[in-house]
Amino acid sequence: MYDIEAIYEAKSVAHAVELLVQHPEAKIIAGGSDVLIEIRDGKLAGCTLVSIQKLDELRGVKMDGDGTLRILPVTSFTHITRDPLIQKYFNVLGEAVDEVGGPQVRNIGTIGGNTCNGVTSADSGSTLVAWDAVMEMTGPDGVRRLPIREFYVKAGKVALRPAELLTAILIPKESYENCHGHYIKYAMRNAMDIATLGCSVNVRLSADKKTVERMRVAYGVAGPVPARAPSAEAEANGRPVSLETVEAAGKAALSDVNPRTSWRASKELRLQLVEELTKRAFARAIELAGGKL
Amino acid sequence: MKQMQLVRCTINGKERETMVDARASLTDMLRNDYRLTSVKKGCEVGECGACNVIIDGECFNSCIYLAVWADGKNIRTLESLLGPNGELSDIQQAFIDEAAVQCGFCTPGFLMTAVEILETGKEYTRDELRKLLAGHLCRCTGYENILNAVEKTMKKRLAESARVGAMNQ
């Protein structure tokens, strides 16, 4: 039995907003793999919940008319990984969320919850930041969009306003077209573990596969929220596909990150991981894009 | 405040309904209202897999699944594996044969994940099985015997369906 004051089951997105307006103190619950654990832990004990678990309209992955990939937030990690559109256009996201927890956790945990909890170690976070995701939120004043970099405010805090909920994660066509990415999660165990560091790199190569047209890299646990490494990207963009470019990007990344020492790992280990994982993920992304090192 | 809600669902092939406290987990409902005590209370935070059940074909840790969400769902627990006269299923027998059971507390959870794996009808490598079974903790066996039991049953079922397929050609 959970210490819950009251739970309201939303019947539609509009109903969810209505419930959130009526119960301003309420917390949104989707899958529950964070919220229920925090209730059990005492941190959220006695809370009021608005559940969006039964909102099938917020499940699945779709393609908008303009080619924008629309990822609905209550989609479970398992369903992200198995989705044909994700596999075709954004495979690295499916691979990244396949590293979350274990199979049962991936069946209940949702991509929206993974971002809305504002946690830096979220396995989807770095990849969504590296692909310039746009967060679509719905609230009493209607729908608004925000780049994911502005969505993450600080550790544990995202830009959702009162009575607002995330209703889609959008990946514009320009962002995924001809783009290949790779995510590396470094953790102490192969399952049921939280990333010591997560690194997601994606590249778009020139037609002859000799030049890096665009490289984007983001990390989880290298700072309070998932964040990009502009210096590493600057070292890579427009440069030849070569081991030197990969090396230079890995080194440059160090000037962009600010990991801390925690009980999981020291700052020094995390810095070493930033450089090493950037190189490895970059090299693998080049390979996936058809380039040769 | 006590909030009661009607939950209608299919449990082990039978349609059931009962009033449930909105604060209850699915583990609470299955154990207390339906006496399905194969569903174990282990960590109760979704880490150990002892409370694992199949909902609409996918495995869930019922401890971090609210009972009210089960409305309209098809739920299967270990009890559904028994034959009409209490016979064990092949995967249960394999756990016994391979000494994959010691204290037995993790076994029902492992078995339901094994059922989900076996019902895909796919052949998995040892490494893939390891990943698919990674949501369960066992403090007795060291996992090898559990992997052996699942792998052997998988191979046996695949060989059997290949044999039947060949006979029908």
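## A walk through chain B

Start with the overall view: the C-alpha centres of domain 1 and domain 2 of chain B lie 22 Å apart. Select residues 4-80 for domain 1 of chain B and 90-167 for domain 2; these bounds come from an automatic or database domain assignment. You are looking at a predicted model, where local features need pLDDT of at least 70, side-chain atom pairs count only at pLDDT 80 or more, and totals for chains, interfaces and linings use all residues. Residues are numbered from 1 along each chain as its sequence is written, while chains are lettered from A and ligands numbered from 1 in the order in which they are written.

Next, colour the place where the domains meet. Here 13 residues of domain 1 of chain B are in contact with 12 residues of domain 2 of chain B (contact: C-beta atoms, placed from the backbone, within 7 Å). On the domain 1 side, strand 3 of chain B gives the most, with three residues (strands are DSSP runs of E, at least two residues, and helices runs of H or I, at least four, numbered from the N terminus).

Now show the sheet. Five strands of chain B form an open, mixed sheet in the order 2-1-5-3-4, where pairing takes at least two DSSP bridges between two strands. Its edge strands are strand 2 (14-21) and strand 4 (58-61) of chain B.

Zoom in on strand 1 (residues 4-11) of chain B: eight bridges join this strand to strand 2 of chain B, and the two run antiparallel. Pick B:Thr10 and you will find B:Glu15 of strand 2 opposite.

Finally, select helix 3 (residues 107-119) of chain B, which packs on the sheet and touches strand 3 (52-55) and strand 4 of chain B.

Key
Contact = placed C-beta atoms within 7 Å. Axes fitted to C-alpha atoms, helices over the stretch in contact; angles between N-to-C directions.
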